[in-house]
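Welcome! Have a look at it first, and then read on.

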Amino acid sequence: VACPSYPHGITLLNCDGHSMTLGWKAPTYSGGSPILGYYMDKREANHQNWHEVNSSLITQTIYTVKNLTEDAFYEFKVAAANLVGIGQPSDPSEHFKCKAWTMPEPGPAYDLMICEVRNTSLVLLWKAPVYEGKSPITGYLVDYKEVDTEDWITANEKPTSKRYFKVTDLHEGHTYVFKVRAVNDAGVGKSSEISEPVLVEERPGTKEIYSGVDDEGNIYLAFECKEATDASHFAWGKSYEEIDDSHKFKIETEGNHSKLYFKNPDKSDLGTYSISVSDTDGVSSSFVMDDEEFERLMALSYEIKNPTIPLKSELAYEVLDKGEVRFWIQAESLSPDSTFRFVINDKEVENSDRHKINCDRSNGIIEMVMEKFTIDNEGTYTVQIQDGKAKNQSSLVLIGDAFKGVLAESELQRKEFLRKQGPHFSEFLYWKVTEECEVLLSCKVANTKKETDFKWYKDGSGVDVEELPDLQKGECHLSIPKLSRKDEGVYKATLSDDRGHDVSSLELSGKVYDDIILALSGMSGKSASPLKILCTEEGIRLQCFLKYYNEEMKVSWCHRESKISSGEKMKIGGGDDVAWLQISEPTEKDKGNYTFEICGGKESYKRTIDLSGQAFDDAYAEFQRLKAAAFAEKNRGKVIGGLPDVVTIMDGKTLNLTCTVFGNPDPEVVWFKNDKAFEIDEHYAFSLEQGKYASLTIKGVTSEDSGKYSIHVKNKHGGETVDVTVSVYRHGEKMPEIKPGQLAKPRPIPP
C-alpha cells in the first residue's frame, strides 16, 4: 500500500461574493487503501504562502470555502489521504475571482467521469451544477471533439434530462475530449471543465454485466473484473446513481466477482444498471433491464422456486376393447419416493375393483381403469403428482358432449366385445365390382362353426342362392349380375347358432346405388369396344359394345366436340351390353368425328369414329337401301289373316274361303287350284269387297274339289301367296283326323 495519487480538475462551481464552492476529481489510484478524505489549501493571487482551509478531512469531492474577500483572486490545491498518509497535492487551480454569480443561466456541471469505453462508444457521467441560475435546470447538452481538432460536436440535439449519456458513432483508435452544458429556461449555461483525453478503444478481455437466476430462484446481475485489487470497490448503480437501497437490492462481492441481487423484483426494477470498479483503469459496464429480459428472468425464477414435474403426456383417456375406460398420464421421470392421487369431482378415489389404479414409476406412467363407465361418471378428472419439491397436476373435463362421446364409445366397445363372443361379422356388408361388371355384396365372418346358420335377405324376404357359402373360409358373397333399379333395397346377412346372433345390413339405394353405378362405369369403360357403324331403315347407328350398360351411367356423345342431347334427330340409348347413338335421316351436316365417353369417377374412357368421306357415303347408301326395302315391305301386297292351312268339308256342302288383303297401291288378287288359275262359273265364285275382303266360294263340293287352293296378292312392291289344302269326304264316311287348324303361312312374291 501507498499514499493515493493526486486529485485533479479543480473547478469553481458557485460564488456568492464571500465564499466559493469548488469541486474536483478523485485520484486515479487510491494507493491500495480506501481514500478517507481530502485536505485543501488556498492562497490569494501573487501570494507565495499557502494557507490551510480545513483541519478535518473533507469526505466528498466538493467543498465551500468561506470568509473570502470580494473581488479578490484565489487559487487552490487539494491532497487526498488514506491510512498510509497524505498523497501529493494537485496542481494549483487557475485564479478564481470571488465575485457573486448573478447570471440567469446555470453554472457548470462538474466531476465528469468516462466509463464503458468500447470501440465506437462510451458513457459520460457528470454531477449537476451547484448554481442553477434563475430557473430549474431542464437538461444537458454533451459536446465532444477529437483532441487534434478545433470544432466541437454536440452529441444530442435535444437536451437530456439525465446526468449520463452514451456517446456513439465514435471512431475506433481516435482520442476525444468531452464537456457538458446545463440548460434552463434562460438558456445554455457555463460549460464544464473539459474531460481528460480518452482513447476510444475496447481493452482486451473487457467483460460485460450478465443476468441470471441462482439455485434458489433469486434474480441477479453479475460482473467479473480480473483487474480488481484488494482495494478495489465495485460500485453498482441504477441510472448511473449509486445504489444504496438495502430494501430492494443486496450486493455480494467476493474477490473479482460482484453480484447485485433483486430482493422483491417488480416492474419498478426496469432500467439501466451500471458498475464501475475503482483502482482499475476505468473498468465499467452497463446492462439494460427491459420488459422482455425481466419477464424471462421472472419466468425462470418462478420455475426454480416452484419446480414442476415435466410431463410427456397430459391426462388422457382411451376406451379399451371391453368398454373399460383407461385414464393415464406420463411424466418424464418419477422417483421411487414420488406420490400421486386421483381426484374425480373434487373427491379422491382409492384403488378398488371399480377404480383399478396403478403406477409404473420406471416409465412415469400413472393410470386408472374404470371397468364400468356409466352416466354417473360425468365430471372433472384430475391427477396430482409430487416428487420431492416438484409438483404437477393435469385435469380432463368430461362434461356435456365430451362425456357423451366417451360414454357412447364405451357402450359401443362393450357391445362389440359381447357380439364377438358368438358368430359375428368381422367386416360388415360392403360392395365391390368385378371385372365382369358384376356387383358383389361381400362380408367377412369370424368365430363360426359347422352349426352356424347363414342367410341372405332383401327387404325382409329370404334370397335363394344356388350354393350356401363355406363359412370356414371366412367370406360370403352375393352376386348381382346386371344391376338395375329393380335391385334397389335393403340387403341383410345373418349369422346365428347357440352362442348368439349377428346381423349386417346394407341399403343399396341413394348414394350407395349411385356410387356403384359410377364404379360399374369405370369397369365397363375399360372393356369398351371401338365404335362401329350399323345402318337401319331409320338412319345410321353408332354402337359401342360393353360388358355392362345402364342408362343411368354417366355417358356422353359428342359431335365435333359439341355435346349431343338426346332428341328426335339424335337419339341416345342402349341395351345390356351396348350403347348407341341413332342418327335419324342423316344429312351432310351429320358428317364428322363422333366421340363416346364414359366417366368412371377418377378416370374417363373415350372412343372416337370419323363418320365422313367413304365411311359416311357407304353408311348413307346402306341406309337408303334399307329404307327402300322397309318401305316396300310395308306397302307390298299381303294377306292379313283369315285363311286356315287345312280345310275338311263333307261333299255337298258349300265352302267359303275368306281373307283380308292389303297393299299400297291396292293389290291384284288371283285364286289358283293346284297352281293353275281357274275361271268363274256357277260352281266357283270370287269376290273382292271394299278392296280388302277377298273370298272364294265353292258350291256343292265334291271329291274332285279336293286339292291345294292358293291366293296370290301382289302389287308393284311385291306380294305373297297363301296355300289352303281342302279335303272333301263323303257323307257317312268317318271324318279324317286332322291336326288343330293353323293359319296358313304366306310365301313371298318379289316385286
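Two strands pair if DSSP finds at least two bridges between them. Helices (H or I, at least four residues) and strands (E, at least two) are DSSP runs, numbered from the N terminus. What you see is a predicted model, in which local features need pLDDT of at least 70, side-chain atom pairs count only at pLDDT 80 or more, and totals for chains, interfaces and linings use all residues. Residues are numbered from 1 along each chain as its sequence is written, and side-chain values use heavy atoms, with hydrogens and water left out.

- An open sheet is formed by three strands in the order β1-β2-β5, with antiparallel pairing.
- Its edge strands are β1 (8–15) and β5 (62–65), each of which pairs on one side only.
- From one strand to the next, the twist averages 25° (axes are lines fitted to C-alpha atoms, for helices over the stretch in contact, and angles run from 0 to 180 degrees between N-to-C directions).
- Strand β2 (residues 20–25) runs antiparallel to β5 and is joined to it by four bridges.
- Gly23 has Ile62 in β5 as its bridge partner.

**Domains from the UniProt record**

- The UniProt annotation "domain: Fibronectin type-III", from an unreviewed entry, covers residues 3–105 and 108–203. UniProt positions are given in the numbering used here, feature names are shortened, and annotations may be inferred rather than shown by experiment.
- Residues 3–105 are 0% helix and 38% strand, and the end C-alpha atoms of this span lie 40 Å apart.
- Residues 108–203 are 0% helix and 47% strand, with end C-alpha atoms 31 Å apart.
- UniProt also lists "domain: Ig-like" (unreviewed entry) for residues 423–509 and 651–727.
- The span 423–509 is 0% helix and 57% strand, and its end C-alpha atoms lie 28 Å apart.
- For residues 651–727 the figures are 0% helix and 61% strand, with 10 Å between the end C-alpha atoms.

**Two residues and their surroundings**

- Leu495 has its place in strand β37 (residues 489–497).
- With a relative accessible area of 0%, Leu495 is buried (buried means under 20% relative accessible area, exposed over 50%, partly exposed in between, with a 1.4 Å probe and protein chains only).
- Beyond its neighbours within four places in sequence, Leu495 is in contact with residues including Pro423, Phe425, Phe454 and Asp502, where contact means heavy atoms within 4.5 Å.
- Glu324 sits in the loop between β24 (311–319) and β25 (325–331).
- Glu324 is buried yet has no salt bridge, and Lys356, the nearest side chain of opposite charge, is 5.1 Å away. A salt bridge is a side-chain nitrogen of Lys or Arg within 4 Å of a carboxyl oxygen of Asp or Glu; Lys and Arg count as positive and Asp and Glu as negative, while His and the chain ends are not counted.
- Not counting residues up to four places away in sequence, Glu324 touches Glu318, Val319, Val369, Met370 and Glu371.

**Backbone details worth a look**

- Most residues other than glycine have a negative phi, and most peptide bonds are trans.
- A cis peptide bond, with omega about 5°, joins Asn664 and Pro665; Pro665 lies in the loop between β49 (655–662) and β50 (668–673).
- Glu116, in the loop between β8 (110–115) and β9 (122–127), has a positive phi near 50°. Glu116 is buried, with a relative accessible area of 6%.
- Asp346 has a positive phi of about 65° and lies in the loop between β26 (339–344) and β27 (347–349). Asp346 is exposed, with a relative accessible area of 78%.
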